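Dear colleague,

I am passing on the structure below, and would be grateful if you could look it over with the notes that follow it.

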Amino acid sequence: MIYTLCFILIVVGLYGIVVKRNIVKIIVGFVIMDCGVHLLLILEGWRHQGEVPILQKGMDLTQFISRAVDPLPQAMVLTSIVISLGILALMVALAIRLHERYGTFDIDEMRRLKG
Amino acid sequence: MERFLSVDLNLVIPLFVALPLTMAFLILMASRWLRWLPDTLGNLTLLALAGLSFLCLGHNVVYHMGDWITPLGVDLRLDPLAALLLIAVNGIGFLAGVYSIHYMRQFTSKSRYYALFLLMIAGMNGVVLTADLFNLYVFMELASVASYALVGFGCQHEELEASFKYLVLGSLATLLVLVGVALIYGMTGSLNMAHIATKLSAMPSTKPLVFSLALLICGFGLKSALVPFHAWLPDAHPSAPAPISAMLSGVVIKAIGVYVLARLFFNVFGVTPTLLWVLQLLGVVSMVVGVFLAIGQWDMKRLFAYHSISQIGYVVLGLGLGTPLGIIGGLYHLINHSVFKSLLFLNAGAVEYATGTRELKHLGGLNQSLPLTGKTTLIASMSIAGIPPFNGFWSKLLIIVACLQSGHYWLGGWAVFVSLMTLASFLKVQKYAFFAAASSTLGTIRKVPFFMSASLVVLALLCLATAFAVITGLSTPAFITPAADVLLKGVITL
């Protein structure tokens, strides 16, 4: 069920990127899609009523493994969030520069490059 | 000397990523006080990397980052295929770096340029070496983000527009790849390529696997600009400064596109007839569509950019045949293309530098005014069009023979036809820009400075030198065969 919601988020973001003609809306679409992907990644490691994956002294190892959530996707999502923050910053910077040059956010009016 | 050559490769491999990263940082920090520093430090780093990549030739080493054992930590894996790509990335990188000493004087802020350039090199080296899927994604983003910024380096209308287009499509591609990686992690519980390969070979082909493969094809297809996904390339590549166009067309689309496709499909997921069929289809369509779009162009760099799509089609077609000869031909063409396409873009940059325009209709008579650039362009044009003594001929011949050998007569026919069309469009470039009478609209023509000419000449010589790889036998070119064997061995196991 939650997986379906993730994919809905991804598809909504994709729709924004593909269909919208306004740069800011494209960027928002990208962010939505990004969130969907990150949620999907986090869900991979999720476990119902899981435990914090920190091994402490005196814990039973087999029981710990069977109950703890997978920590690896969390590390990956953290990396991925940082990367997408970088991309987002670059996108917004470019959008501002484009607005300086063209005076608009509409990509239909930015047609200096031909076919 | 003997002692130097037998240097421990375990110390060398991490340098391919660590050295450019450190230097990029140092250049940005120190260039505030020393104005000559970016040129010197940047090019010394690139030279060192190019030298180191030759040391790696013919070795098989796995480097464990932080000494973690294989399934737990991230590995860097060096094999002949990775070594081949490392030489291409760092060699072309060095020549483009030398070229930019003079060329980049037209722009401000050389330190940022070299820092981004080195980041791009670090990303590509990482992609080529890594044996971990998520790590691959991180390095791919490193290379891509640096190249987005470099495409928009001029900050003019066209450059910003192209950069934004490239940025949106590129980050869409990496998101698709990330979803694919996440699904594969969910299925196998591992990110190490060898581990995934072992686990997947024991599993039946399921729908999620097919879906993630489709996502990966779309993602890396976008990165390598195969035809349904090619829209960004003809805008992004011509808009970048010339050395960056040379890097993007020559190396980036291969290192983070075609190479990864080949590595994942042949060594991790294992090829199936359907997968090969998809690759063949993508290859042929890119080949044909690319060349038809190219022939009508009047902007020199834009014409070259469309030819990149078409030539990448050849590489993917060769790989998609799946036969030993096809894979050898494909990899050989990959190396050759990185040499002659970067030469073409650097030539276009030299023409633009000297005359101030790259519109073929406004140019003319450059053989008299720029004799050296004229000769190097002629060599590059003959290489890409497949005229016998040059490298392009041999690799195209191998791919066409491989098509015929495996019974794909139609594909072979298309490959011959596209080669003729390529010849036609380069005759057009030669006729309008170099052989025609000098155009009256051209103003004064500047001389091409030393460092730019130097890297043009070296690349032109390389066009001939790489042709000598077939000296060891037409069907077993030196250096390429061990790399092709890596792919032919199929799925890697632990």
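Predicted model: local features only at pLDDT ≥ 70, side-chain atom pairs only at ≥ 80, totals over all residues.

B:R263 forms a salt bridge with B:D79, and the closest N and O atoms of the pair are 3.0 Å apart; a salt bridge is counted here when a side-chain nitrogen of Lys or Arg lies within 4 Å of a carboxyl oxygen of Asp or Glu. The two residues come from distant parts of the chain, 184 residues apart, with B:R263 in helix α12 (residues 242–269) of chain B and B:D79 in the loop between β2 (75–78) and α5 (80–103) of chain B. Helices (H or I, at least four residues) and strands (E, at least two) are DSSP runs, numbered from the N terminus. Both B:R263 and B:D79 are buried, where buried means under 20% relative accessible area, exposed means over 50%, and partly exposed is in between (1.4 Å probe, protein chains only).

Residues are numbered from 1 along each chain as its sequence is written, chains are lettered from A and ligands numbered from 1 in the order in which they are written, and side-chain values use heavy atoms, with hydrogens and water left out.

Over all chains, the rule gives six salt bridges. Another of them joins the side chains of B:R358 and B:D299 at 3.0 Å, N to O. B:R358 lies in the loop between α15 (324–355) and α16 (366–369) of chain B, and B:D299 in the loop between α13 (273–295) and α14 of chain B, so the pair ties together parts that are 59 residues apart in sequence. B:R358 counts as buried at 19% relative accessibility, and B:D299 counts as buried at 8%. The side chain of B:R358 also meets that of B:E352 in a salt bridge (3.4 Å, N to O), and B:E352 is partly exposed, with a relative accessible area of 24%.

A network of salt bridges links B:K165, B:D235 and B:R302.

Turning to the interface, 35 residues of chain B are in contact with 36 residues of chain A, contact meaning heavy atoms within 4.5 Å. The area buried between chain B and chain A is about 3300 Å², of which carbon and sulfur atoms give 75%; this is the accessible area (1.4 Å probe) that two parts lose on being put together, summed over both. On the chain B side, B:H157, B:E161 and B:F164 lose the most area to chain A, together 21% of what that side buries. Across this interface the rule finds zero salt bridges, but seven residue pairs are in polar contact there, both residues being at pLDDT 80 or more. The elements of chain B that each supply at least two residues to the side touching chain A are α7 (133–151), α8 (157–188), α11 (233–239) and α14 (300–321), and the largest share, 19 residues, comes from α8(B).

On the chain A side, what covers the buried residues of α4(A) includes α2 (23–44) of chain A together with α7 and α8 of chain B. The buried residues of α4(A) include A:P73, A:M76, A:I87 and A:Y102. Just after α4(A), A:G103 takes a positive phi of about 70°.

Finally, helix α6 (residues 110–129) of chain B has 18 of its 20 residues buried, so it is largely enclosed by the rest of the structure.

With best wishes

Key. Polar contact = N/O pair within 3.5 Å; in protein donor to acceptor, adjacent residues only side chain to side chain. Expected span 1.5 Å × (residues − 1).
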